[in-house]
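Hi,

Here is the structure I promised to pass on.

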There are 2 protein chains.
Amino acid sequence: MEIDNNYTKNRQEMIEKEYLTRIGGELVLTQTEEKVNQILMAAKGKEINDSFYNGVPFPPQLHFFKAKPAMENSTVFQFIKKMPKGGALHLHDCSMTDLRWLVKNATYMNSCYMCYDQDKKINFHFFRSPPEQPGCQWHPVSFYRNQSTNISAFDDMLYQSMSLEVTDPHTSYPTLDAVWKKFEEVLIRANGLINYAPVFAAYYYEALKEFMEDNVQYLEVRALLPEVYDLDGKTYMPVQVMEIYRNTTVKFVQDNPSFTGAKVIKSNIRFKTPAIIKSDIIASAEMMSQFPDHFAGYDLVGQEDPGKPLLYYLDALLYPSSHKPPINLPYFFHAGETDWEGTSTDYNLIDAILLNTTRIGHGYALPKHSEAMKMVKKQQIAVEVNPISNQVLKLVDDLRNHPAAILFEQGFPVVISADDPAVWGAKGLSYDFYEAFMGLAGKDADLKLLKQLAMNSLMYSAMSTKEKVQALDLWSTKWQTFINSTLEEYVRNNNLKTGLVFTHKLQDEIVGRK
Amino acid sequence: MEIDNNYTKNRQEMIEKEYLTRIGGELVLTQTEEKVNQILMAAKGKEINDSFYNGVPFPPQLHFFKAKPAMENSTVFQFIKKMPKGGALHLHDCSMTDLRWLVKNATYMNSCYMCYDQDKKINFHFFRSPPEQPGCQWHPVSFYRNQSTNISAFDDMLYQSMSLEVTDPHTSYPTLDAVWKKFEEVLIRANGLINYAPVFAAYYYEALKEFMEDNVQYLEVRALLPEVYDLDGKTYMPVQVMEIYRNTTVKFVQDNPSFTGAKVIKSNIRFKTPAIIKSDIIASAEMMSQFPDHFAGYDLVGQEDPGKPLLYYLDALLYPSSHKPPINLPYFFHAGETDWEGTSTDYNLIDAILLNTTRIGHGYALPKHSEAMKMVKKQQIAVEVNPISNQVLKLVDDLRNHPAAILFEQGFPVVISADDPAVWGAKGLSYDFYEAFMGLAGKDADLKLLKQLAMNSLMYSAMSTKEKVQALDLWSTKWQTFINSTLEEYVRNNNLKTGLVFTHKLQDEIVGRK
């Protein structure tokens, strides 16, 4: 029937037109990549069909704490784990590394002490000999550990004390403020371990290692550069803490030449006075020239809704650009991490853009701003999307409703990151990549999306052009290896001469669900 | 400081540019409307600030069952209730009228019987004398009512048996499929009462009355035109059921000259065979000419994910346009009522547009389709957004994450409707308008949005141009009265000479939350 043919042709054209506008839509895959794409899409199709047709719980729809075991069993997740994912551009200093590592290492050190404060909450600190402290009496962690009947249960308890993980997150964290309160509490507790100089460097080294093991080759870290201390009573000032970051990064890259490196984005808390922020900005600009290869710029962090808006710090934030001559300090502002349209938090998006931010942290509210959308696209301001963070910190439940789905659809400069993976029991980037690929993107989003996201994470990094070329070159080699080995493994496991055992279809059959 | 002034100017321009692109953004308010807008925005600002700053639970964030009492106490809700809202364009025949009316009227009729089936579930039917029916023994409702010790509790039980309302919806309805199963069950139960001819007409008359009392002047009803029966054994065929709709509408408008009227959109279930749909389309096209003032077009309804996609019925759906000469049967397709991007349900959006749909029912997935977005805007295909329905039927929890927020932002042709208000204990349009105004739109969306939504509901209706002119004229008079009386009441209550006691600011102060 002629009309039907016409109809089908128009329909296919429209679908393909939409496909082209998406992130990665314009990439052209090699023949080998195409075969690997078919392997990937068979797995993805199966996992989605299991849920769509047969009601198997769909991980991106569930809270991460409940979804994690199913994710880890997923073929798509295993694929993503092995995939070279480029860089992780949105991470925070004190929540990058597996908390089990922190328990197994930091709390087993002889000088590690803990006490129970008046709220019966654990505090950690390192001492040669602890001070008398009424209301929180210090004992070596080993003292408590030896008292416990079950060391493994004791260590689990320490882990839990620094984690947001619970059995029933909806009951434990009824509101966004409630989860943020607990979030800040566990971060402060972990800092009792992390900010001890010997742990500090080792913790950061371990972070680099874990991300490398997750096939991430580059990090950018929002770092408070806090006061780090040692047993000799020495307190490390921000510049000295920055030196620890630089030296540890250099050492790690020496140890692992296939790792690109890392940079620090100095951050301060968005509850400080404008005067403090201004002097911090001046100090940061100095570090920018002092650590040209390892210091990337500046940001304000902390819960955005109750925090001060960017506008509150306008004078300080305009200081570098209005200085004569202008001072170089790129911004990487958290902005629009909110469900509250039309509030001060929401308008941080506008200010981040007008303050010439290099990237936007979260930008959760961005699709609700038509003009900001245009400018972000035109000026290629990358949006750092952290799906699991937004879910755990209660901006959205079902990740298929994450607004960045719109950014995916319209081909925005997006990078996927993990924010504070340790606190919710994630590791590296793979969990967030899985949520992005399965939940934020549709059933027919394929290897092109994943490839583009990986490339974006290097292209929109704070690296110099020269560094980017090297990083992309390195990534490209890893990618080729990954593509070839994935196909080889598939052919081997399936006793095939070719990986092409089926043809992926861009759209569903017309049979409906049952 | 010069730079700051420039900055502030640029910022304001950007915010105003965004504001202009929104639904209603280009409307110019009269001086009196401007004053009423300030009254409205003071109330809205207070309600949002109570939540944003002080953590008062925010109704659009909560499940409707939990939010309803707070909504009813809201000043904004009371404002919206009184506001002339135009038409309700997305409603279903058997869930428009308060179930308490159904209990108080239908179940008190002498010929109303009920039985408990093998699953101990209630069935209703009307008989002169009931048949013997093993497994479900019919008794007059009055028999059970008289046996009960508490008539009010008994009537409540009947109400509950036809409602989705529960104390803890997240536990009662863990999945979308679970809530749809219950939804279909309660609708079928209510149909046992509604499809009895004397109830059928009265139920529909009551629907018109309830919407009129909610200051809605026009309805379009998705109607299955089911088999309606009476005690004489007569079964009314679809055309005769359509006559009931027409006659009741005509009678209602005679009784209430300030009401515009209503039209029927014939609907069938998206699980039927293509042959059945084709003959239904042919029959519908005939009714289209038989009832030119009361029959508007055609749709397919029922849970969309498991249902057949539009493509499955392509041949039938293309029949009217491919007929020579073409047959007039406008479509009003439900499409994209899903979280599942890239599936058959999701692609219904593409087909609805290519099949030349006049409006889209729900279009929940629309913002995930860039090409479809363009066409919907260009061809002015109105999107019927039903916020509470989408929440209760589990597409989204927090209504601030409803994707239609994007359509609001980008000035799409949107109408707000109520879908099946009776089943979740809503009434009229006000509850959905409140959710749209407070949840889908931002803090600074104002009277212009509400006014545009009201006008959209008439402009994008299935009325003829002549009918639209009359309807808008009527609405305009109601609107003037509403604006004037709102201002007068405010001035009176506040002992003022003018309503202008404060100045609404387009954006937040820069103080942050606390």
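Before the notes, one term: a polar contact here is a pair of N or O atoms within 3.5 Å, and within protein one of them must be able to donate a hydrogen and the other to accept it. Please also keep in mind that this is a predicted model.

Let's begin where the two chains meet. With that rule, 26 residue pairs are in polar contact across the interface of chain B and chain A, both residues of each pair being at pLDDT 80 or more. Which helices of chain B each supply at least two residues of the side that touches chain A? They are H1 (2-21), H2 (31-52), H13 (314-322), H14 (344-354), H15 (370-378) and H17 (404-409). H1(B) gives the largest share of that side, with ten residues.

The interface also has six salt bridges by the rule used.

As for its extent, 73 residues of chain B are in contact with 73 residues of chain A. The area buried between the two chains comes to about 6700 Å², and carbon and sulfur atoms give 58% of it. Tyr7(B), Met14(B) and Trp340(B) supply 11% of the area that chain B buries against chain A, more than any other three residues.

Now for a few strands in chain B. Strand S2(B), residues 112-116, is mostly covered, with four of its five residues buried. What does S2(B) pair with? One partner is S3(B), residues 122-126, which runs antiparallel to S2(B) over five bridges. In that pairing, Cys112(B) stands opposite Phe126(B). S2(B) and S3(B) make a hairpin with five residues between them, and Lys120(B) in the turn has a positive phi of about 60 degrees. Another partner is S4(B), residues 139-140, which is joined to S2(B) by two bridges, again antiparallel. Here Tyr113(B) is the residue opposite Pro140(B).

Last, the core. In soluble globular proteins, nonpolar side chains tend to be buried together. In this model the largest nonpolar core has 329 residues, and the members that touch the most others are Leu102, Phe408 and Trp424 of chain A and Leu102, Phe408 and Trp424 of chain B. Take Leu102(A) as an example: leaving aside residues up to four places away in sequence, Leu102(A) touches Thr107(A), Met162(A), Ala190(A), Leu193(A), Ile194(A), Val199(A) and Tyr203(A).

Cheers

Note on methods:
Residues are numbered from 1 along each chain as its sequence is written. Chains are lettered from A and ligands numbered from 1 in the order in which they are written. This is a predicted model: local features need pLDDT of at least 70, side-chain atom pairs count only at pLDDT 80 or more; totals for chains, interfaces and linings use all residues. Side-chain values use heavy atoms; hydrogens and water are left out. A nonpolar core is a set of buried Ala, Val, Leu, Ile, Met, Phe, Trp, Tyr and Cys residues joined through side-chain atoms within 4.5 Å. Buried means under 20% relative accessible area, exposed over 50%, partly exposed in between (1.4 Å probe, protein chains only). Contact means heavy atoms within 4.5 Å. Two strands pair if DSSP finds at least two bridges between them. Buried area is the accessible area (1.4 Å probe) that two parts lose on being put together, summed over both. A salt bridge is a side-chain nitrogen of Lys or Arg within 4 Å of a carboxyl oxygen of Asp or Glu. A polar contact is a pair of N or O atoms within 3.5 Å; within protein, one must be able to donate a hydrogen and the other to accept it, and residues adjacent in sequence count only if both atoms are side-chain atoms.
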